[in-house]
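Hi,

Here is the structure I said I would pass on.

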Amino acid sequence: MSTADIPGIDPSVPPSGDGCTECDKAGGWWFHLRRCTACGHVGCCDSSPSQHAAAHAAATGHPVIRSYEPGESWFWNYVTESYVEDGPDLAPPQNHPMAQSTPGPADRVPRDWQAHLN
């Protein structure tokens, strides 16, 4: 399936920030970041303790995310549970800052972070 066949993708909307919106508000941390292609919301991945990207998709009905990791450009559709081919170029930036740690942010990641992954 192509993103041209999926309503609600707005390539002009910039990302909401450099990190997971909810984790930043709560003082939490994330493993990897995902960007909503409909509204730009940046949330943490399904392996992260809080899984905010999936929660955002469920709450809003926005079905498609794009990786917000440097060097990754894949899309995922939560409705079809499949990768999406032929994703559009999205408004910059395409990923979190290169200097930002993964997992991150560095000052909030516990020493035993691997034990907290889903």
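Helices (H or I, at least four residues) and strands (E, at least two) are DSSP runs here, numbered from the N terminus. On that basis the protein chain has 2 helices and 5 strands, and from the N terminus on they come in the order α-β-β-α-β-β-β.

Before you dig in: this is a predicted model, local features need pLDDT of at least 70, side-chain atom pairs count only at pLDDT 80 or more, and totals for chains, interfaces and linings use all residues. Residues are numbered from 1 along each chain as its sequence is written, and side-chain values use heavy atoms, with hydrogens and water left out.

Overall shape

The radius of gyration (taken over C-alpha atoms) is 14 Å for the protein chain. The globule rule is 2.2 Å times the number of residues to the power 0.38, and for 118 residues a compact globule would come out near 13 Å, so the chain agrees with it. Along the principal axes, the C-alpha atoms fill a box of roughly 45 × 25 × 25 Å.

Buried residues make up 40% of the 118 in the protein chain; buried means under 20% relative accessible area, exposed over 50%, and partly exposed in between (1.4 Å probe, protein chains only). Contact means heavy atoms within 4.5 Å. Among contacts between residues at least 6 apart in sequence, 61% join residues at least 24 apart.

For the surface, the protein chain exposes about 6100 Å², and carbon and sulfur atoms supply 52% of that. Those areas come from the Shrake-Rupley method with a 1.4 Å probe; for residues, only the protein chains shown count as cover.

The cysteines

How many disulfides does the structure hold? The count is 0, where a disulfide is a pair of cysteine sulfur atoms within 2.5 Å. Cys20 is in no disulfide, and the nearest cysteine sulfur, that of Cys23, is 3.6 Å away. For Cys44, the closest cysteine sulfur is in Cys20 at 3.8 Å, which is too far for a bond. Cys20 counts as buried because its relative accessibility is 0%, and Cys44 is buried with a relative accessible area of 0%.

Around Gly43

Gly43 sits in strand E2 (residues 42-44) and counts as buried at 0% relative accessibility. Leaving aside neighbours within four places in sequence, Gly43 is in contact with Cys20, His32, Leu33, Arg34, His52 and Ala53. Its C-alpha atom is separated by 10 Å from that of Pro15, 28 residues apart along the chain.

Helix H2 covers residues 52-60 and includes Ala55, which counts as partly exposed at 41% relative accessibility.

Most residues other than glycine have a negative phi, and most peptide bonds are trans. These are the spots I would point you to:

- Gln51, in the loop between E2 and H2, has a positive phi near 50° and is partly exposed at 30% relative accessibility.
- Glu81, in the loop between strand E4 (75-77) and E5, has a positive phi near 50° and counts as exposed at 61% relative accessibility.
- Pro92 and Pro93 are joined by a cis peptide bond with omega about 0°; Pro93 lies in the segment after strand E5 (82-84).
- The peptide bond from Gly104 to Pro105 is cis, with omega near -15°, and Pro105 is in the segment after E5.

Cheers
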